[in-house]
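Please read each point with the model in view.

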Amino acid sequence: MTCRIDALQYANWSEKVFRQMRAGGLDAVHVTIAYHETFREAVANVERWNRWFERFPELIFQGFTGDDVRRARAEGRTAIFLGFQNPSPIEDDIGLVEVWHRLGARFMQLSYNNQSLLATGCYEAEDPGLTRMGREVIAEMNRVGMVVDMSHSADRSTIEAAELSERPIAVTHANPHAWHPALRNKRDAVIRAVTENGGMMGFSLYPHHLKDGSACTLGSFCEMVARTAERFGVRHFGIGSDLCQDQPDSVVDWMRTGRWTRGADYGEGSAAAPGFPPQPAFFRDNRDFPGLAEGLRAVGFDAEEVAALMGGNWLAFFDASFGPRAAAREVRAAE
């Protein structure tokens, strides 16, 4: 099935953004509902989404399985999948993994830049790998059908997660470090571990992850996609735009600092440019998704490959990932 899926956004949600999703033909979007939130704070974010689902039923609904992407495509709506960029909503309680899956969470990062109870973030000086709790939580996520996301995690932790997990993991939003050496981008050894174990990576359109930043061109981005797909296999990649549309700069402060520091943490920014960087001209918002498909065709991908990169690969991953573990084993055995 031809579909369009974005594996990560954190926009300032509004009717305008939802309508732009429809204008861009987005059938599914994975949205962040937690950075540093506790369990109860993240539940409040679910409540907020419930109100949006009630207000805009002609535009969006909550997704739980791959079939909801197909339903969205058929009905001209966008399925919204919930996820965390940090394990803080499970606090120190492994039992909350299953609770969150029942509430609809389908992705959880094991760390967000810093060391967590589960794994090391990419900004730490040392990476000792997965923690004891991290290994247990991965097993529980495998059991219930929640995707292990290592987008903000450090190299060793990510490789260990890819090798330990009984189900393929994801890096929902990042680019190759060899193309642009941001701390958040992934080195070849990490991409290899994820893809060789059946996992997925979403290419990011966040300017700090792009070569030449906000001045990056569509051609440069699509050439990077082509070279990466040649090396690691086209079926392991999709889009994870990391679009933070309409967010005030106060939000990026929360993303970077949460409650863990009294000081300023500029992350991938700097004291001279502490806020959100402007999006590249070729990808301002969801209405620009059709242009990505055109750019991929221009660098040599055929129609089937473009369809896979724009959403087909993520849909297959959703089908294999969101149910109980026994179903995943059947899918992997069939491959």
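1. In which loop does Asp212 lie? Asp212 belongs to the loop between strand 8 (200–203) and helix 8 (218–232); helices (H or I, at least four residues) and strands (E, at least two) are DSSP runs, numbered from the N terminus. This is a predicted model, in which local features need pLDDT of at least 70 and side-chain atom pairs count only at pLDDT 80 or more, while totals for chains, interfaces and linings use all residues. Residues are numbered from 1 along each chain as its sequence is written, and side-chain values use heavy atoms, with hydrogens and water left out.

2. Although Asp212 is not a glycine, its phi is positive, at about 70°. Asp212 is exposed, with a relative accessible area of 56% (buried means under 20% relative accessible area, exposed over 50%, partly exposed in between, with a 1.4 Å probe and protein chains only).

3. Asp246 is found in the loop between strand 9 (237–239) and helix 9 (249–257), and it is partly exposed, with a relative accessible area of 38%.

4. Helix 7 (residues 188–196) has Val190, Ile191, Ala193, Val194 and Thr195 buried. Their cover includes helix 6 (155–164), strand 7, strand 8, helix 8 and strand 9; contact means heavy atoms within 4.5 Å. Just after helix 7, Gly198 has a positive phi of about 85°.

5. Strand 7 (residues 170–174) is mostly covered, five of its five residues being buried. Strand 7 pairs with strand 8 in the parallel sense, over three bridges; two strands pair if DSSP finds at least two bridges between them. Val171 stands opposite Met201 in strand 8.

6. Helix 4 (residues 95–103) packs against helix 5 (residues 132–144) at an angle of about 30°, with axes 9 Å apart. Axes are lines fitted to C-alpha atoms, for helices over the stretch in contact, and angles run from 0 to 180 degrees between N-to-C directions. Helix 4 is therefore roughly parallel to helix 5, a description used for angles under 35 degrees. On the helix 4 side, the contact is made by Val97, Glu98 and His101, and on the helix 5 side by Val137, Glu140, Met141, Arg143 and Val144. By class, this contact of helix 4 with helix 5 has four nonpolar, one polar and three charged residues (Ala, Val, Leu, Ile, Met, Phe, Trp, Tyr, Cys and Pro count as nonpolar, Asp, Glu, Lys and Arg as charged, and the others, Gly among them, as polar).

Definitions and conventions
Angles under 35 degrees count as roughly parallel, over 145 as roughly antiparallel, 65 to 115 as roughly perpendicular and the rest as oblique.
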